[in-house]
Amino acid sequence: MPGLTAYAGLFDVASFKEGDGVFVSGAAGAVGNQVGQMAKLKGASRVIGSAGSDEKVRLLVEEYGFDAAFNYKNGPVAEQLEAAAPDGIDVYFDNVGGEHLEAAISSLNVHGRVTLCGMIAQYNATEPTPAPRNLAMVIGKRLRLQGMLVRDHEALQPEFVRDVGGWLRSGELKYQETVVEGIENGADAFLGLMRGENTGKMVVSLTR
Ligand SMILES: NC(=O)c1ccc[n+]([C@@H]2O[C@H](COP(=O)([O-])OP(=O)(O)OC[C@H]3O[C@@H](n4cnc5c(N)ncnc54)[C@H](OP(=O)(O)O)[C@@H]3O)[C@@H](O)[C@H]2O)c1
């Protein structure tokens, strides 16, 4: 499911094309790391990811082949993104919302595209969250922001299995899972996901 979300969100929703510069948030998570790797495999000019620890940032560059990555807890997202993408970005894959979305709108080039996949930064908000303060830039830059649900993209399964199956077999596409043992630990695993304790897909194993 996370793989198809990445595949559909990047190629279908964001209309990714060779040479695009791509930024993905939540980049060390289940969906995000796949987005970055798939973009590289399909000829992105530059792939940038953000994540919540220096260890995850290292993983993105050293293991997954991102061109640049930053820890969003180390400073303002807009400044870190601008430094990582001096020529701007063409696609933003949003797993986080909030400050990340606002920063991406500032860095997007004319005719840029945004896949609104998740907004984890506001899932626990107790009041309505403010919109990006720079939303008016969407007009001048002629940006396209589009929400997605993976269940609308089932028709892509044959292509997805062909491409991703091939990349997995050849070792070009990597993935990690964080496995928590036992259903009794399911709630803690879920809370851990919200705190960034997972790398790749958070899985609760019921085998024991
Ligand atoms: N639209 C769809 O059909 C669809 C399908 C699947 C998933 N999603 C959404 O896509 C996003 C990614 O899903 P996933 O399964 O790949 O989850 P995930 O990225 O594996 O796990 C969530 C990650 O979000 C990060 N996070 C938590 N709070 C944050 C905050 N306040 N600001 C920034 N990052 C934060 C944490 O990593 P850090 O350590 O980096 O903070 C955490 O590891 C989620 O928003 C999910 O709801 C949507």
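View 1. A backbone N or O atom of Met148 is placed 2.9 Å from a ligand nitrogen atom, and for Met194 the corresponding distance to a nitrogen atom of the ligand is 3.4 Å. The protein covers 85% of the 910 Å² of accessible area that the ligand has on its own, where accessible areas come from the Shrake-Rupley method with a 1.4 Å probe. The model is predicted, so that local features need pLDDT of at least 70 and side-chain atom pairs count only at pLDDT 80 or more, whereas totals for chains, interfaces and linings use all residues. Residues are numbered from 1 along each chain as its sequence is written, and side-chain values use heavy atoms, with hydrogens and water left out.

**View 2. The shell around the ligand.** The ligand is surrounded by 25 residues, of which the closest are Lys56, Tyr72, Tyr123, Val150 and Asn198; a residue counts as near if one of its heavy atoms lies within 4 Å of the molecule. Helix H2 (30-41) and helix H8 (186-194) each supply at least two residues of this shell, helices being DSSP runs (H or I) of at least four residues and strands (E) runs of at least two, numbered from the N terminus. By class, the shell holds 16 nonpolar, eight polar and one charged residue.

**View 3. The largest pocket.** The ligand sits in the largest pocket, which means that more than half of its atoms lie within 2 Å of the grid points of the pocket. A pocket is an open set of points on a 1 Å grid over the protein atoms alone, where a 1.4 Å probe fits, with protein on both sides within 12 Å along at least five of seven lines, and its lining residues have an atom within 4 Å of a point. The volume of the largest pocket is about 1100 Å³, and among its 42 lining residues Gly26, Asn95, Ile120, Tyr123 and Leu193 lie nearest its centre.

**View 4. The second largest pocket.** This pocket has a volume of about 270 Å³ and is lined by 18 residues, with Pro2, Gly3, Gln34, Leu168 and Tyr175 nearest its centre. Helix H7 (157-170) gives the most to this lining, with five residues.

Conventions: A polar contact is a pair of N or O atoms within 3.5 Å; within protein, one must be able to donate a hydrogen and the other to accept it, and residues adjacent in sequence count only if both atoms are side-chain atoms. Ala, Val, Leu, Ile, Met, Phe, Trp, Tyr, Cys and Pro count as nonpolar, Asp, Glu, Lys and Arg as charged, and the others, Gly among them, as polar. Grid points are joined across faces, edges and corners, and a volume is the space filled by probe spheres set on the points.
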